[in-house]
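This report describes selected features of one protein chain. It covers an aromatic group and a pair of packed helices.

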Amino acid sequence: MKVFEKFKRYFKKKKLSTKNNRKKVGILLFTTSIGLFFLFVMRLSYIVIVGDIAGNSLEEKTAALYQGSQVVKAKRGTIYDRNGEVIAEDSTSYLLYAVLSKTYVNGDDKLYAQSKDFEILAKIITDVVGDKTSSDKIISALNQGLEDDLTQTDIPNAKNLTLQQKQAIEQKMADKNVKGLYFDENPARSYPNGVFSSHFIGYTDVETNEKTKQAELVGKMGLEQAYNDVLSGTDGKIVYQKDNYQNPLPGTVAESEPAVDGKDITTTLDMRIQSYLETLLDDAWKKVKAQDLTAVLMDAKTGEIIAMSQRPTFDPENKEEAFSDEDFLWYNLFSEDKYEPGSTMKILTVAGAIDQGVFDPNETYTPGEMDLLDAKIVDWDYETGSKPVLTMRQALSWSSNVGMVKLEQRMPERWQRYLQEFGFGRSTYSGLSGETSGDLPEDNIVSQAMTSFGQAISVSQLQMLQAFTAISNDGQMLKPQFIKKISSADGKEDIVNAPEVVGNPVSAQAASDVRQYMRDTVEDPDYGTAYGQYEVPGYNVSVKTGTAQVAKDGVYLTGDDSYLYSSVTMVPSEDPAYVLYITLKQPEEKDSTIIPGIANALLKRAMDLYDVDNTATQVTSSEKVTVPDYRELETDVAANDAQKQGLVPIVIGTGEKVSQQSIENGKKVLASEKLLLLTDGDSYQMPDTTGWSKADLIKLGELLDVEVKFTGDGFCTEQSLAPYETVTDQTLTFTLE
């Protein structure tokens, strides 16, 4: 109470008149107003000078209000055949929609669809699109959009329009002086040839990029997937000014970041031969109920794949039927499937035996069966009555398992190294996704002996093709090639792939002799398993047929439908231009004419089109490529990427990752230069260095940390340590010529 009384007495003492109170209030209001004014001026000055409010940039907000941007889609690279014919290319599709918002104007020009023009617009659409939609449906959709107060609405059944349809609609709108219809672009991929080596070329799907939120084409199989980074390109961006209604102002569009189109890929396929192969396989597939059917034609002198296809197959623009089949094979049988090849392996066994000097074509033996430890080796005709006597030459044409095992027993350890020299047990590093390395035989005498007739070993078709080139190309083994050239969109950069020698497992004489003996398969009426079945008019042909029992989960299947039938044909025998390899797996009904029918027709067409000059002339690339850093990358990933860069990867070792590389990263080198990739691990096998330059041999020595010595000058013809022997020597000697 005392405190209250004190306050009361104070205010009574200070009590002023009404006039003085008004004066004091006025002074207080004036002072407050002046303070607030200066505070406002200071804040406004700060905003003008700094351009920031609560952490928001006024400049950015203004730009967002009056400046727009749009992604410029990069064109995906085109895939061509060897003669420049299109196999796969971009073909943008369009979705038609109508703008209904009355704010979509440019000055007095109304850019939206007006209700008075709905009938005209509907007629324009039906005239162009056809039976897919009707005027009544279109008008109904437009009116419904107005009722729902939509800013825009899609036109019924007007998706996936072509460029020609888009242009026709735009032209008719201009003729009728109406507006309101617009288009959204959708990326698409066109495959004009339909079924055309579909598992190899692959297909694309549209996906949304997580960073840009833009729809883009992404490779899902085959070349489209393996070379997706090469084909894709980089999107650009355009910037433009917007009016008060957020519409682009005419004449204000400026490109700020140009799009970089993807690179084009020229394959080694020949459309003339590939298309014919598809027709032949279609006819054959209708006649046989089999698990699968494959055929591949290769240039014997370059390793280039001229045609390849498999069944079952699919049309990349119409995959619904294949997707609906749960058992459909969504993988490339040539690169991803491993299998036991059967008797076509025998030409390699005979070549090795000739090379080792343990093959006498006139030596005789008793075929039928033989004991090998606890196993029994039998010939295919054992139950029906084997030939009483065969020569070693006839062992090949009559396809005797017993004869091959006898040859293998004369060179058991050397034959196992031959398997490695022919490329089995390791990837060919083709650049295709999911390539299998196959499996070498188990470490026992029986399994190793069975490999001489193509059982107890699993291989890929690419490995078989690679091995066949050693026979067709006089001992020089070539890597199968799918890509002829990779070109930038502006034409300033070309990477041209040259033939790649990957080994010299046998001598030229051994290869030539085997091709001569293979002729007996079709020419010998008594000892030829395919007598009279294969012929190419005007040429001698070398053929080896094969029948392999199919294994599943480590157990050989039984029954008439448990075999893989195959054949390899080389033509002409004297100096092959082509190698054709065909396989037919587990047909329900036997038809011995299926495989020869495909081979004869395709090889006749191929030889009719064969041009020696064009095949013999090889173009090499003068373009330089920058070597990436492959250290610590997985071996397959590094080797496949080097292949795409135009380099020639040589993998040394069996480790999972690359530990060292022969060319430092960032260095520019000519395309087709060897890049040695040393893998992690404790031991390394010696590569086949035939034909290597002195510089490459020095790099090899540095990677292996061994001393290298040379005799002569030029390129390597001999090496002190045999190919695929483990490197233990501290010094390696090479003979150069």
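Is phenylalanine 323 buried, partly exposed or exposed? With a relative accessibility of 46%, phenylalanine 323 counts as partly exposed, because this class lies between the 20% limit for buried and the 50% limit for exposed. The model is predicted, and the values that follow are computed from it.

**Overall make-up**

The chain contains 23 helices and 39 strands. Its length is 737 residues, of which 49% count as buried. Taking contacts between residues at least 6 apart in sequence, 69% join residues at least 24 apart.

**Aromatic pairs and cluster**

Over the whole structure, a search finds 18 aromatic pairs. Two of the pairs involve phenylalanine 323, one with tyrosine 203 and one with tryptophan 330. A pair of aromatic rings is described by the distance of the centres and the angle of the planes. The table lists these values.

| Pair | Distance of centres | Angle of planes | Class |
|---|---|---|---|
| tyrosine 203 and phenylalanine 323 | 6.4 Å | 85° | edge-to-face |
| phenylalanine 323 and tryptophan 330 | 4.8 Å | 25° | stacked |

The planes of tyrosine 203 and phenylalanine 323 stand at 85°, so this pair is edge-to-face, since planes over 60 degrees apart fall in that class. The pair of tyrosine 203 and phenylalanine 323 links distant parts of the chain, 120 residues apart. Tyrosine 203 sits in the loop between α7 (198-201) and β12 (204-208), while phenylalanine 323 belongs to helix α11 (residues 320-323). For phenylalanine 323 and tryptophan 330, the planes are at 25°, so the pair is stacked.

Accessibility is known for each of these partners. Tyrosine 203 has a relative accessible area of 8% and is therefore buried. Tryptophan 330, at 26% relative accessibility, counts as partly exposed. Together with Phe314 and Phe328, the residues Tyr203, Phe323 and Trp330 form one aromatic cluster.

**Packing of α12 and α17**

Two packed helices are described by the angle between their axes and the distance between the axes. Helix α12 (residues 346-356) packs with helix α17 (residues 461-472) at an angle of about 45°, and their axes are 10 Å apart. The two helices, α12 and α17, are therefore oblique to each other. The crossing in which α12 passes α17 is left-handed. Sorted by class, the contact of α12 with α17 has 6 nonpolar residues, no polar and no charged ones.

Technical notes:
Residues numbered from 1 in each chain as written. Predicted model: local features only at pLDDT ≥ 70, side-chain atom pairs only at ≥ 80, totals over all residues. Heavy atoms only, no water. Axes fitted to C-alpha atoms, helices over the stretch in contact; angles between N-to-C directions. Helix = DSSP H or I, 4+ residues; strand = E, 2+ residues; numbered from the N terminus. Parallel < 35°, antiparallel > 145°, perpendicular 65-115°, else oblique. Left-handed = near helix turned anticlockwise from the far one by under 90°. Nonpolar A, V, L, I, M, F, W, Y, C, P; charged D, E, K, R; others polar. Phe/Tyr/Trp six-rings, centres within 6.5 Å; stacked < 30°, edge-to-face > 60°. Buried < 20%, exposed > 50% of the residue type's maximum accessible area, 1.4 Å probe, protein only. Contact = heavy atoms within 4.5 Å.
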